[in-house]
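Colleague: Before I set up any calculations, I would like to go through this model with you. Could we take it one point at a time?

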Amino acid sequence: MPDFLDLHARPPKRCGAWSRRRCGATGSMRGRNLVLALLWERDGRTPGELADALHVTTPTIVKAANRMTAAGLLTRRRDDRDNRLVGLWLTDAGRALQAPIEAERRLIEETVTADLTDAEREQLMSALIKVQRSASDLLRPAPGTAE
């Protein structure tokens, strides 16, 4: 019988593989899409802000931003108030990806939950939110310890 970590890790990998197969070589890339989603919420965030929100290192975001800038999805601009800070801003091409990426995410969700009843879907989402919260707590420093 599979354990929790196995059951938790495999579906995202399989959904990603399915999405890449459907979209071809230029299809959806999870890391890029997470950065885009945060910028769709609030454009102009710094690499550090994005790294904190995604629980990754700032150099990881900088590498992703370099690739996304080269692909024409982002631009970089210095902050008007603090010249040391650089904000990442969506281009028109980056904004144009929102509708197709969100549609693809909805299709994946509908497809993988098609065999669930509405009640099961609600229970699953509730449980996953709790698991996500607990997993996020693992990244917080214990009280009284330095980060």
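**Salt bridges, helices and a pocket**

Modeller: Asp43, Asp92 and Arg95 are linked in a network of salt bridges. Keep in mind that this is a predicted model.

Colleague: How far apart are the closest N and O atoms in the salt bridge of Asp92 with Arg95?

Modeller: Asp92 and Arg95 both belong to helix H5, residues 92-96, and because they are three residues apart there, about one helical turn separates them. In general, an α-helix has 3.6 residues a turn, so residues three or four places apart point the same way. The closest N and O atoms of the Asp92 and Arg95 salt bridge are 3.0 Å apart.

Colleague: Do Asp92 and Arg95 count as exposed or partly exposed, and what are the values?

Modeller: Exposed requires over 50% relative accessible area, and partly exposed is the class between that and buried. Asp92 is at 63% relative accessibility, so Asp92 counts as exposed. Arg95 counts as partly exposed, at 41%.

Colleague: How many salt bridges does a search of the whole structure find?

Modeller: One of them joins Asp82 and Arg84, with the closest N and O atoms 2.8 Å apart. Arg84 counts as exposed at 71% relative accessibility. The search of the whole structure gives a total of six.

Colleague: Arg81 and Asp79 make me think of the pocket. Which element gives the largest share of the lining of the second largest pocket?

Modeller: The second largest pocket has a volume of about 230 Å³. It is lined by 15 residues, and those closest to its centre are Gly44, Asp79, Asp80, Arg81 and Trp89. Two elements give two or more residues to this lining, strand E1 (74-78) and strand E2 (86-90). The largest share, three residues, comes from E2.

Colleague: How many residues of that lining are charged?

Modeller: Asp and Arg belong to the charged class, while Gly is put with the polar residues. The lining of the second largest pocket has three nonpolar and three polar residues, and its charged residues number nine.

Colleague: Turning to the fold, in what order do the elements run from the N terminus?

Modeller: The protein has seven helices and two strands. Of its 147 residues, 23% count as buried. From the N terminus on, the order of the elements is α-α-α-α-β-β-α-α-α.

Colleague: How far apart are the end C-alpha atoms of helix H4?

Modeller: Helix H4 covers residues 58-70, which is 13 residues. The expected span is 1.5 Å times one less than the number of residues. That rule gives 18 Å for H4, and the end C-alpha atoms agree with it, being 18 Å apart.

Colleague: What arc do the buried residues of H4 cover around the axis?

Modeller: The residues Ile61, Ala64, Ala65 and Met68 are buried in H4. They sit on the same side of H4, because the arc they cover around the axis is only 105 degrees.

Colleague: Which residues are exposed on the other side of H4?

Modeller: A residue counts as exposed when its relative accessible area is over 50%. On the other side of H4, the exposed residues are Pro59, Lys63, Arg67 and Ala70.

Colleague: And H3, what arc do its buried residues cover?

Modeller: In H3, Pro47, Leu50 and Ala51 are buried. These residues are on the same side of H3, because they cover an arc of only 100 degrees.

Colleague: Which residue has a positive phi although it is not a glycine?

Modeller: Most residues other than glycine have a negative phi. The residue in question lies in the loop between helix H3 (47-54) and H4. With a phi of about 60 degrees, the residue is His55.

Colleague: Last one: what is the distance in space, C-alpha to C-alpha, between Arg105 and Gly16?

Modeller: Arg105 lies in helix H6, residues 98-112. At 53% relative accessibility, Arg105 counts as exposed. Arg105 and Gly16 are 89 residues apart in sequence, and their C-alpha to C-alpha distance in space is 10.0 Å.

Terms used: Residues numbered from 1 in each chain as written. Predicted model: local features only at pLDDT ≥ 70, side-chain atom pairs only at ≥ 80, totals over all residues. Heavy atoms only, no water. 1 Å grid on protein atoms, 1.4 Å probe; cavity = no way out; pocket = protein on both sides within 12 Å on 5 of 7 lines; lining within 4 Å. Points joined across faces, edges and corners; volume = space filled by probe spheres on them. Helix = DSSP H or I, 4+ residues; strand = E, 2+ residues; numbered from the N terminus. Buried < 20%, exposed > 50% of the residue type's maximum accessible area, 1.4 Å probe, protein only. Arc of directions from axis to C-beta. Salt bridge = Lys/Arg side-chain N within 4 Å of Asp/Glu carboxyl O.
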